[in-house]
Amino acid sequence: MTTTEVNQLLAPARPLNSTGADLLLDLRDLLLQSGHPGECVQCFFALLNNLESPQSLSALKDWLETHLEIALRIDGQTQETLPIRLGTSQSLHDYCHRVIDLVRHDRAYLADRVALTFQYRTHLAA
């Protein structure tokens with residue numbers, strides 16, 4: 001992602017305080033460096049709750065939903081991927097619980113433990 005693209009995504013954001021400004025800078029760095037996708041989502045939600053207008057991140061939300069996905073892994077092997085649909089979630093905690101509930105109710109894995117991780121979509125990473 002280019003500096004211009006990142007700046008365009010983040011330009012509408014107006015943090016409420018210095019914590020929000022720090023989050024904005026952290027998110028900018030993560031996007032520029034193709035940082036860990038989970039950290040990008042975590043920073044997105046933290047910033048979302050520290051803005052004059054949360055809707056100002058709608059372009060960034062669209063970008064995250066296009067470029068990231070959730071991998072369902074058992075014993076380190078990816079079983080399937082799910083698209084990220086942030087919807088109206090207001091926190092990472094709420095979003096993760098929504099995804100966990102979806103997996104519990106709509107999947108039938110026999111494993112005792114299924115790991116969910118954020119990752120870049122492979123067809124877009126190349």
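Contact here means heavy atoms within 4.5 Å. In this predicted model, and leaving aside residues up to four places away in sequence, Leu60 touches Leu9, Leu10, Leu27, Leu31 and Phe44.

**The nonpolar core**

Leu60 also stands out in the largest nonpolar core, a set of 31 residues in which Leu57 and Leu60 have the most contacts. At least two residues of this core are supplied by each of helix 1 (3-10), helix 2 (18-32), helix 3 (37-48), helix 4 (58-67), strand 1 (68-74) and helix 5 (92-106). Helix 3 provides the largest share, seven residues.

**The sheet and the helices packed on it**

Three strands make up an open sheet, arranged in the order 2-1-3 with antiparallel pairing. Strand 2 and strand 3 (115-120) are the edge strands, each of them pairing on one side only, and from one strand to the next the twist averages 35 degrees. Between strand 1 and strand 2 the antiparallel pairing extends over six bridges, and within this part of the sheet Ile74 stands opposite Gln77 in strand 2. Helix 3 packs on the sheet, where it touches strand 1 and strand 3, and its direction makes about 90 degrees with that of strand 3. Helix 5 packs on the sheet as well, touching strand 1, strand 2 and strand 3, with a direction that makes about 115 degrees with that of strand 3.

**Aromatic residues**

The count of aromatic pairs comes to three. One of them joins Phe44 and Phe45 in an edge-to-face arrangement, with 5.3 Å centre to centre and 70 degrees between the planes. The term edge-to-face applies because planes over 60 degrees apart are counted in that class. Phe44 is buried, with a relative accessible area of 3%, and Phe45 is likewise buried, at 2% relative accessibility; both count as buried because the limit for that class is under 20%. Phe44 and Phe45 belong, together with Tyr95 and Phe118, to one aromatic cluster. Phe44 is also among the residues that Leu60 touches.

**Residues in the loops**

Most residues other than glycine have a negative phi. Ser34 lies in the loop between helix 2 and helix 3, whereas Asp75 is placed in the loop between strand 1 and strand 2 (77-83). A further loop residue, Ser91, is found between strand 2 and helix 5.

| Residue | Relative accessible area | Class |
|---|---|---|
| Ser34 | 48% | partly exposed |
| Asp75 | 76% | exposed |
| Ser91 | 21% | partly exposed |

Asp75 is classed as exposed because its 76% lies over the 50% limit. Ser91, at 21%, is not classed as buried because that class requires a value under 20%.

What lies 3.0 Å from a polar atom of the side chain of Ser91? The backbone nitrogen of Asp94 is found at that distance.

Notes:
Residues are numbered from 1 along each chain as its sequence is written. This is a predicted model: local features need pLDDT of at least 70, side-chain atom pairs count only at pLDDT 80 or more; totals for chains, interfaces and linings use all residues. Side-chain values use heavy atoms; hydrogens and water are left out. A nonpolar core is a set of buried Ala, Val, Leu, Ile, Met, Phe, Trp, Tyr and Cys residues joined through side-chain atoms within 4.5 Å. Buried means under 20% relative accessible area, exposed over 50%, partly exposed in between (1.4 Å probe, protein chains only). Helices (H or I, at least four residues) and strands (E, at least two) are DSSP runs, numbered from the N terminus. A polar contact is a pair of N or O atoms within 3.5 Å; within protein, one must be able to donate a hydrogen and the other to accept it, and residues adjacent in sequence count only if both atoms are side-chain atoms. Two strands pair if DSSP finds at least two bridges between them. Axes are lines fitted to C-alpha atoms, for helices over the stretch in contact, and angles run from 0 to 180 degrees between N-to-C directions. Rings of Phe, Tyr and Trp (its six-membered ring) pair if their centres lie within 6.5 Å; planes under 30 degrees apart count as stacked, over 60 as edge-to-face and the rest as tilted.
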